[in-house]
Each structure stands twice: as structure tokens, then as C-alpha cells.
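Reader: I have a model open and want to learn how to read it. Can we take it feature by feature?

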Amino acid sequence: MKQLKLSNAAKTNHSPGQITNYVMVDAYRIGEFPYWIHQTWTIGLQICLAFLIVYYAMGTAAIAAVVVIVLTVLANYPVAKLQHKYLAKLMVAQDRRLKAMAKALMNMKILWCSHFLRLSAFYRSP
């Protein structure tokens with residue numbers, strides 16, 4: 001199993017939330033790679049077969065169906081762009097939340113350690 005190694009400079013330039021987001025995005029992309037690599041070659045085949053079936057069933061009206069499909073694809077573009085914008089906002093919000101959680105956990109660790117250091121000093125003194 002590989003381990004992510006970061007220099008101290010990289011750790012100071014990127015927050016734990018950003019690093020977590022990078023790892024999550026990379027893991028997601030690796031998981032989706034086989035699906036998308038097969039989509040690239042099957043999409044053309046699917047479109048050709050679908051057009052032949054529609055043309056065989058409807059004749060020249062299939063051209064109107066292709067026009068409707070193209071218009072639908074073009075209409076989805078603004079929606080996809082809007083979704084991308086909100087996804088970027090979600091990642092920023094997630095980064096802020098992870099930064100706050102990391103800070104809170106660090107403070108809890110400091111409090112926890114200082115509490116036990118005081119307890120150990122209490123029990124060591126005769």
C-alpha cells in the first residue's frame with residue numbers, strides 16, 4: 001500500500017482539508033476511470049445503433065428525433081455548468097469545515113495531554 005509523503009513546506013502551503021480533498025478527488029477519479037474509458041468507445045456504437053433502430057422503425061422522422069436529441073444535449077450545458085459552480089462552492093465549504101475540525105481536534109489533543117501531564121505530576125509527587 002502506498003503512503004502519501006509530504007514535505008514540511010507542502011504541509012504549510014496546504015491545509016489538512018485541502019489535502020483530504022485532493023486525496024478524495026484522486027480516489028474518486030481512479031475508481032471512475034474504468035467506467036469512463038469504456039464509455040468513450042461504446043458511446044459512438046450506442047448512438048449508431050440507436051439511430052439505425054429509430055430509422056428502421058420511423059423512417060425519415062428519425063432525423064427529427066436526432067435534432068431533438070441534439071437540442072436536449074445543448075440545453076443541458078448550462079445546467080452542467082451551474083452544477084460545476086455549486087460543486088466548487090461545496091468543496092470550499094468542505095475545506096473550511098475540515099480545517100475547523102482539524103483545529104478543534106488539535107486543541108482537544110493539547111487539552112488532553114496537558115490534563116494528563118498534570119495528573120502524572122500529581123501522582124509522582126510524594
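Reader: What pLDDT does the chain average?
Author: pLDDT is the predictor's confidence in each residue, from 0 to 100. The chain averages 83, and 85% of the residues score at least 70. This is a predicted model: local features need pLDDT of at least 70, side-chain atom pairs count only at 80 or more, and totals for chains, interfaces and linings use all residues. Residues are numbered from 1 along each chain as its sequence is written, and side-chain values use heavy atoms, leaving out hydrogens and water.

Reader: Where is confidence lowest, and where highest?
Author: Helices are DSSP runs (H or I, at least four residues), numbered from the N terminus. Confidence is lowest in helix H1 (residues 8–13), at a mean of 72. Helix H2 (residues 16–58) has the highest, at 87.

Reader: Is Gln94 buried or exposed?
Author: Buried means under 20% relative accessible area, exposed over 50%, partly exposed in between (1.4 Å probe, protein chains only). Gln94 has 17%, so Gln94 is buried. Its place is in helix H3 (residues 61–124).

Reader: Which residues does Gln94 touch, not counting those up to four places away in sequence?
Author: Contact means heavy atoms within 4.5 Å. Gln94 touches Asn21 and Met24.

Reader: Which residues line the largest pocket?
Author: A pocket is an open set of points on a 1 Å grid over the protein atoms alone, where a 1.4 Å probe fits, with protein on both sides within 12 Å along at least five of seven lines; lining residues have an atom within 4 Å of a point. Here the lining is Met24, Val25, Tyr28, Arg29, Leu87 and Met91. H2 gives the most, with four residues.

Key
Helix = DSSP H or I, 4+ residues; strand = E, 2+ residues; numbered from the N terminus.
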